[in-house]
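Please keep the sequence and the coordinates at hand while reading.

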Amino acid sequence: MRIYRPGQIKPSEITDREVWLKRRQLIKAGMGVSAGLVLGGASGLAAAVYSGPDRNKKIDALKETDYGKDLEPTRYRSITTYNNFYELGYGKRAPAENAHILKTRPWSIRVSGECAKPGVIDIEDVMKLDQEERIYRFRCVEAWAMVVPWVGLPLGDFLKRFEPGSKAKYVEFETLYDPERMPGQERNVLDWPYREGVRIDEAMHPLAFLATGLYGEVLPGQNGAPLRLVLPWKYGFKSIKSIVSIRFTDKQPGTTWNDIAGDEYGFYANVNPKVSHPRWSQKRHRVLGRGIFGSKEDTLMFNGYAEEVAGLYKGMDLKKNF
Ligand SMILES: Nc1nc2c(c(=O)[nH]1)N[C@H]1C(S)=C(S)[C@@H](COP(=O)(O)O)O[C@H]1N2
Ligand SMILES: [Mo]
């Protein structure tokens, strides 16, 4: 099912994407906006009493790399208590409060489509592959940023195991659909399951990463356990969480946010301070964990990774392909 934007809400009335989405959903359901905000507060998810992030199991045999060693990581608490993960709730704290509902075992990932060796791989087998730690800048679309010491494996190396063919022009990713483990899916806020896609050359780029952990430990549920995508030169919404399906395709796949609001969330979603989101500037961002005041920085082209990735987009109009 698709959600259509109501034309009658002025951008100036909207504070952020959660409120915007709630309103859209309520208008679709025929309810008023003021009633919607009251309802929006009680999200319908049973929030557990939450006292702080649990530290997870250490990942063994971790390979240290030099990626991002000059960056200062955002503290664990900020990374794990200010999240976007609508399957686990709609406020920034909700995913941490509800993460215990997301059982991540058993779990497997189906790899299919245009490849010679499609198959299903169990998450335990993914965890046995070489795990590297890399520190990346991470940018969310709503003007906040953080620096995360991710653990995981280069996406390209993982994908090559399935031998993508010449018709594999894009890679499509899907999150688990299971309202029992993902109670946010009981409401039709998004067109579940969450979907994302990248071009094959983007997927094969050495910076593209499948994360299984952070801070040397197994990934917390709120950050997309047991396996999520990380594309450090793109806005946060591209980094799909809790992946169960990866498919090689010859056509550009639909993606959750692009399908809902293609004028606001492009297929590429490369961090670009020169292209504003229709409802906010993308020139500067707030850095999580550094306080509310005096913590803004300039946003860099491709989130600071231009030297590495600009070549992927040579000759493309990045204002059109945003
Ligand atoms: N399945 C799924 N993946 C998702 C989302 C989501 O709601 N569902 N939110 C996205 C958005 S908008 C952002 S900004 C990042 C946030 O990642 P973080 O919570 O680890 O910072 O996850 C992305 N991946
Ligand atoms: Mo986001």
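Rings of Phe, Tyr and Trp (its six-membered ring) are taken to pair if their centres lie within 6.5 Å; planes under 30 degrees apart count as stacked, over 60 as edge-to-face and the rest as tilted. By this rule the count comes to 15 aromatic pairs. The model is a predicted one, in which local features need pLDDT of at least 70 and side-chain atom pairs count only at pLDDT 80 or more, while totals for chains, interfaces and linings use all residues. Side-chain values use heavy atoms, with hydrogens and water left out, and residues are numbered from 1 along each chain as its sequence is written.

A pair of aromatic rings is described by the distance of the centres and the angle of the planes. For Tyr170 and Phe267 these are 6.0 Å and 75°, an edge-to-face pair. Tyr170 belongs to strand 6 (residues 170–175) and Phe267 to the loop between helix 8 (256–260) and strand 12 (284–287), so the pair ties together parts that are 97 residues apart in sequence. Helices (H or I, at least four residues) and strands (E, at least two) are DSSP runs, numbered from the N terminus. Tyr170 is buried at a relative accessible area of 15%, and Phe267 is buried at 6%; buried means under 20% relative accessible area, exposed over 50%, and partly exposed in between (1.4 Å probe, protein chains only). Elsewhere, one aromatic cluster is formed by Tyr86, Tyr90, Phe237, Trp257 and Tyr265.

Charged side chains also meet rings. A charge sits over a ring if NZ of Lys or CZ of Arg is within 6 Å of the ring centre and within 35 degrees of the ring normal. Lys92 lies over the face of Tyr82, 5.8 Å from the ring centre, and Arg137 lies over the face of Tyr305 at 5.6 Å. Tyr82 is placed in the loop between helix 3 (76–81) and helix 4 (94–98) and, at 26% relative accessibility, counts as partly exposed. The C-alpha atom of Tyr82 is separated by 8.5 Å from that of Leu288, although the two residues are 206 apart along the chain.

The strands come next. Two strands pair if DSSP finds at least two bridges between them. Strand 6 is joined to strand 7 by five bridges, and the two run antiparallel; Phe173 has Glu196 of strand 7 as its bridge partner. Why can strand 7 (residues 195–199) be called largely enclosed by the rest of the structure? Five of its five residues are buried, so the description applies. Both faces of strand 7 are covered, with Arg195, Gly197 and Arg199 buried on one side and Glu196 and Val198 buried on the other.

Strand 4 (residues 131–139) has eight of its nine residues buried, so this strand too is largely enclosed by the rest of the structure. Three bridges join strand 4 to strand 1 (residues 62–64) in a parallel arrangement, where Glu64 stands opposite Glu133. Strand 4 also pairs with strand 5 over eight bridges in the antiparallel sense, and here Arg134 stands opposite Trp150. Strands 4 and 5 form a hairpin with four residues between them, and Ala143 in the turn has a positive phi of about 70°.

Grid points are joined across faces, edges and corners, and a volume is the space filled by probe spheres set on the points. The whole structure holds two cavities of 30 Å³ or more. The largest cavity has about 280 Å³ of space. Its lining consists of 22 residues, of which Asn84, Phe85, Gly236, Ser239 and Lys241 are the closest to the centre. Strand 5 (residues 144–154) gives the most to this lining, with three residues.

Last come the backbone exceptions. Most residues other than glycine have a negative phi, and most peptide bonds are trans. The bond from Trp192 to Pro193 is cis, with omega near -10°, and Pro193 is in the loop between strand 6 and strand 7. Another cis bond joins Ala225 and Pro226, with omega about 0°. Asn303 has a positive phi of about 60° and is buried, with a relative accessible area of 3%. Ala61 has a positive phi near 50° but is exposed at 72% relative accessibility.

Technical notes. Chains lettered and ligands numbered in written order. 1 Å grid on protein atoms, 1.4 Å probe; cavity = no way out; pocket = protein on both sides within 12 Å on 5 of 7 lines; lining within 4 Å.
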